[in-house]
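Please examine the sequence and the structure shown below before reading on.

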Amino acid sequence: MKKTLHFLFLLFLASQSSAQYKSLLWKISGLGLKEPSYLYGTMHTADARVIALSQKAMPYFGRSKAYAMELDPDKAMDAGLLSHLMMGSNYSLKEMIPAKEYAFLDSVVTKQIGFSMVLFDNVAPVYVMTILETMSMGLSDSALNGNAQVLDLYFHAEAKKVKKKVIGIETAE
């Protein structure tokens, strides 16, 4: 009985703590801030349902003076970036990945994007992952329904339309 009550109490606490955080939109205020900021926790997705959900955040977006995102796409691709993408002549993804897994990955990549993994053989794995994720987003059901733009880029385009300041929190390097 004591264990059951303890379990029910913990279950109640868990449900209460998760119930108060059911939003992607967070208001940041206090500690001397003159105006609040808003944080919209997004996913890199082109899912039309998420784009539709983001419309609820638009009033807050409209009141903001700037839009900050992971990378500012206008500044992400500079001339020196290519040198950071490549691993160097002594490295090969085909040699780093076991043959069976590489063959499977190659078949998936070729089927999804029409290119063999050979194209990416000397590209750093983290960038290969990013490239493949970006390409696969364009092939999602939502993209087939006419929505190929990921949420972050949707907000970026909206910010540019109204000449909002765009801030890249990170750099591609």
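This is a predicted model: local features need pLDDT of at least 70, side-chain atom pairs count only at pLDDT 80 or more; totals for chains, interfaces and linings use all residues.

The secondary structure of the protein chain consists of ten helices and four strands. Along the sequence, these elements are arranged in the pattern α-β-β-α-α-β-α-α-α-α-α-α-α-β. Of the 173 residues in the protein chain, 24% are buried. Contacts between residues at least 6 apart in sequence may also be considered: 69% of them join residues at least 24 apart. The protein chain exposes about 12,800 Å², of which carbon and sulfur atoms supply 63%.

Helix α7 may now be considered in detail. Which residues of α7 are buried? They are Tyr 102, Val 109 and Ile 113. Viewed down the axis of α7, these buried residues fall within an arc of 35°, and they therefore line one face of the helix. The face turned away from this buried side carries the exposed residues Lys 100, Phe 104 and Lys 111. After α7 comes Gly 114, which has a positive phi, near 85°.

The surface also deserves attention. Trp 26, Ile 28, Leu 33 and Leu 39 make a nonpolar surface patch of about 380 Å². Within this group, Ile 28 belongs to strand β1, which spans residues 25–28. Ile 28 has a relative accessible area of 40% and is therefore partly exposed.

Methods:
Residues are numbered from 1 along each chain as its sequence is written. Side-chain values use heavy atoms; hydrogens and water are left out. Buried means under 20% relative accessible area, exposed over 50%, partly exposed in between (1.4 Å probe, protein chains only). Helices (H or I, at least four residues) and strands (E, at least two) are DSSP runs, numbered from the N terminus. The arc is that of the directions from the helix axis to the C-beta atoms. Patches are made of residues with over 30% relative accessible area and no salt bridge: like charges are joined within 9 Å, nonpolar side chains (Val, Leu, Ile, Met, Phe, Trp, Tyr) within 5 Å. Accessible areas come from the Shrake-Rupley method with a 1.4 Å probe; for residues, only the protein chains shown count as cover. A salt bridge is a side-chain nitrogen of Lys or Arg within 4 Å of a carboxyl oxygen of Asp or Glu. Contact means heavy atoms within 4.5 Å.
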